[in-house]
Amino acid sequence: MKKNLITLCLLAAATLCAQAASAADVANGRALTEKYNCASCHGKDYNSPTEPAYPKLAGQHADYLKHALTAYRRGNTAMNGRNNAIMSAQAKPLSDRDINDIAAYLHSLPGSLVVRK
């Protein structure tokens, strides 16, 4: 019984450590959006794009942002890739960790995206 309890505690601790290690770093996401000058197209608050064709990013679901950035990084020649000259160039150097951090930062911002009015 004691062995099972110890094993269970160790598994729980390992799971918590793994979750903490994979948790996104919002501060790094902010630094990356500044480094890559995302605001130049998506607006200084990421909620007022400079062109109507550019999406609002503030408050967007992190999973969607991760998917979109990963698809831009893949390019249009790969399965589930996206093609946009600007976004593909921006996303190419990003690591998976960078993408997670950027997505977490943008998701944390207040935005005007709504499900229904």
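Contact here means heavy atoms within 4.5 Å. The legends below describe a predicted model.

Figure 1. Along the sequence the pattern reads α-α-α-α-α-α. The chain holds 117 residues, and 28% of them are buried. Its accessible surface is about 8,100 Å². Carbon and sulfur atoms account for 59% of that surface. Consider the contacts between residues at least 6 apart in sequence: 54% of them join residues at least 24 apart.

**Figure 2. Alanine 24 sits in the loop between helix H1 and helix H2.** Helix H1 covers residues 2–22, and helix H2 covers 26–35. Neighbours within four places in sequence are set aside here; alanine 24 is then in contact with Asn100, Asp101 and Ala104. Alanine 24 is partly exposed, with a relative accessible area of 36%. Aspartate 98 is 74 residues from alanine 24 in sequence. In space, the two are 8.7 Å apart, C-alpha to C-alpha.

**Figure 3. Aspartate 101 is a buried residue of helix H6.** Helix H6 runs over residues 96–108. The relative accessible area of aspartate 101 is 1%. Buried means under 20%, so aspartate 101 falls in that class. Which residues touch aspartate 101, leaving aside its neighbours within four places in sequence? They are Ala24, Asp25, Asn28 and Gly29. Ala24 belongs to the loop between H1 and H2.

**Figure 4. The largest pocket has a volume of about 530 Å³.** Its lining counts 26 residues. Nearest the pocket centre lie His42, Pro55, Leu57, Tyr72 and Met87. Four helices each supply at least two lining residues: H3 (39–42), H4 (62–74), H5 (85–91) and H6. Which helix gives the largest share of the lining? H4 does, with 5 residues. By class, the lining has 18 nonpolar, 6 polar and 2 charged residues.

**Figure 5. Tyrosine 46 and tyrosine 105 form an aromatic pair.** The count for the model comes to 1 aromatic pair. The geometry of tyrosine 46 and tyrosine 105 is edge-to-face. Tyrosine 46 lies in the loop between H3 and H4, while tyrosine 105 is in helix H6, so the pair ties together parts that are 59 residues apart in sequence.

**Figure 6. Asparagine 37 and tyrosine 46 have positive phi values.** Most residues other than glycine have a negative phi. Asparagine 37 has a phi near 55°. Its place is in the loop between H2 and H3. Asparagine 37 is partly exposed, with a relative accessible area of 44%. Tyrosine 46 has a phi of about 60°, although it is not a glycine. Tyrosine 46 is in the loop between H3 and H4.

Methods: Residues are numbered from 1 along each chain as its sequence is written. This is a predicted model: local features need pLDDT of at least 70, side-chain atom pairs count only at pLDDT 80 or more; totals for chains, interfaces and linings use all residues. Side-chain values use heavy atoms; hydrogens and water are left out. Buried means under 20% relative accessible area, exposed over 50%, partly exposed in between (1.4 Å probe, protein chains only). Accessible areas come from the Shrake-Rupley method with a 1.4 Å probe; for residues, only the protein chains shown count as cover. On a 1 Å grid over the protein atoms alone, a cavity is a set of points where a 1.4 Å probe fits but cannot get out, and a pocket is an open set with protein on both sides within 12 Å along at least five of seven lines; lining residues have an atom within 4 Å of a point. Grid points are joined across faces, edges and corners, and a volume is the space filled by probe spheres set on the points. Ala, Val, Leu, Ile, Met, Phe, Trp, Tyr, Cys and Pro count as nonpolar, Asp, Glu, Lys and Arg as charged, and the others, Gly among them, as polar. Rings of Phe, Tyr and Trp (its six-membered ring) pair if their centres lie within 6.5 Å; planes under 30 degrees apart count as stacked, over 60 as edge-to-face and the rest as tilted.
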